[in-house]
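Here is a short briefing on one protein model. Keep the sequence and the structure in view while reading.

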Amino acid sequence: MRADRLLSILLLLQNGGKLNSRQLAEKLEVSERTIVRDMDALSSAGIPVYAERGPLGGWMLAENYRTSLTGMNQEEILSLLLTSYSHLLGELGIPKRSFDAAYQKLLASSPAPVRQDAEMLSERIHIDGAGWHTSGESFPQLTVVQEAVWGQRKLDISYRKSESDAAYTGAISRRTVHPLGLVAKRNVWYLVAEENGVIKTFRISRITEAAVLEETFQRPPGFSLSGYWEQSTADFKSALPRYPATISISVQRLARLKRERYAKVLRAEPEDVQAGWMSVDIEFNTLESACEILLACGREAKTLLPPELREMIRNEAEAISALYR
């Protein structure tokens with residue numbers, strides 16, 4: 001709607017200072033001609049907006065002009081810490097436009113109640129934008145978990161462990177936790193909660209049932225959700241198994257291998273410059289993972305060390321060949 005766009009222009013100029021028609025058009029996804037017409041409308045309504053000519057010019061508000069249109073609704077507040085992660089906005093039922101409106105309104109005035117709400121959100125939601133594999137997981141209990149986090153109420157959950165967990169038995173455990181916050185890593189949601197005095201991470205897609213209890217709890221003194229997540233991620237990475245190997249690989253394939261999640265290139269030196277081959281020391285997680293990744297390289301990679309990896313790849317290659325004889 002045009003009224004919403006005029007308000008957005010007003011807040012953008014108030015918070016960002018001078019902006020030219022092209023910048024405003026890009027932010028609001030309209031044409032520059034539309035921006036010029038909107039400026040005429042603002043001026044006719046008594047808003048002190050004026051144009052500064054020249055290559056460094058743009059639209060500006062009078063220096064002492066401030067708008068007080070800073071009311072925020074619940075959706076706008078909830079969207080603040082989700083920044084540009086539009087796929088996460090959808091999962092919480094928050095439209096992307098709510099973030100844009102909330103950000104401008106917060107900068108325009110930031111009254112005390114809004115600052116308090118924003119502080120609460122920063123304690124209870126953390127967005128980790130670092131790379132991670134994508135998944136097709138669903139989160140049917142996310143809304144219930146979010147309600148418990150917001151209300152600082154104890155949460156009764158049924159939780160299914162991962163099949164890769166050493167303690168996996170196939171059974172679903174019932175437990176009562178103190179939900180401290182939500183963490184979103186790409187398109188996967190996690191619950192950080194305290195259970196029997198120990199802070200743990202639960203994958204929300206593995207929560208099969210959840211119920212918010214009436215009883216509240218006290219958050220651990222000085223607890224930082226972002227700090228906990230960063231340390232937890234570092235501990236997880238350091239605990240991953242390591243399987244070193246030495247390979248010869250084409251330059252083109254090496255570029256793709258460096259993007260592989262379960263492989264880390266430690267050293268890469270030219271082996272045959274004319275043929276475009278590199279000698280590489282690389283680290284995988286396991287023998288099986290190394291075999292799978294290197295088989296995918298086909299004739300563009302050759303395993304040199306260790307002998308057991310060479311043997312496994314050779315056996316797999318022979319078995320594949322036998323299928324096509």
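**Backbone, burial and pairing**

Glu29 sits in the loop that runs between α2 (21-28) and α3 (32-44); helices (H or I, at least four residues) and strands (E, at least two) are DSSP runs, numbered from the N terminus. This is a predicted model, in which local features need pLDDT of at least 70, side-chain atom pairs count only at pLDDT 80 or more, and totals for chains, interfaces and linings use all residues. Residues are numbered from 1 along each chain as its sequence is written, and side-chain values use heavy atoms, with hydrogens and water left out.

**Whole protein**

- The protein has twelve helices and twelve strands.
- Buried residues (under 20% relative accessible area; exposed is over 50%, partly exposed in between; 1.4 Å probe, protein chains only) make up 40% of the 325 residues.
- Taking contacts (heavy atoms within 4.5 Å) between residues at least 6 apart in sequence, 62% join residues at least 24 apart.

- Most residues other than glycine have a negative phi, and most peptide bonds are trans.
- Glu29 is not a glycine, yet its phi is positive, at about 60 degrees. Its relative accessible area is 72%, so Glu29 counts as exposed.
- Gln152 is not a glycine either and has a positive phi of about 50 degrees. Gln152 belongs to the loop between α8 (142-151) and β4 (153-160). With 19% relative accessibility, Gln152 is buried.
- The peptide bond between Leu305 and Pro306 is cis, with omega about 0 degrees. Pro306 lies in the loop between β12 (301-305) and α12 (307-323).

**Helix α11**

- Which residues of α11 (residues 287-296) are buried? They are Leu287, Ser289, Ala290, Cys291, Ile293 and Leu294.
- An α-helix has 3.6 residues a turn, so residues three or four places apart point the same way.
- The cover over the buried residues of α11 includes β9 (243-250), α10 (251-257), β11 (277-284), β12 and α12.

- β10 (residues 263-272) and β11 pair in the antiparallel sense over eight bridges; two strands pair if DSSP finds at least two bridges between them.
- Asp272 has Trp277 in β11 as its bridge partner.
- Four residues stand between the two strands of this hairpin, and Gly276 has a positive phi near 75 degrees.
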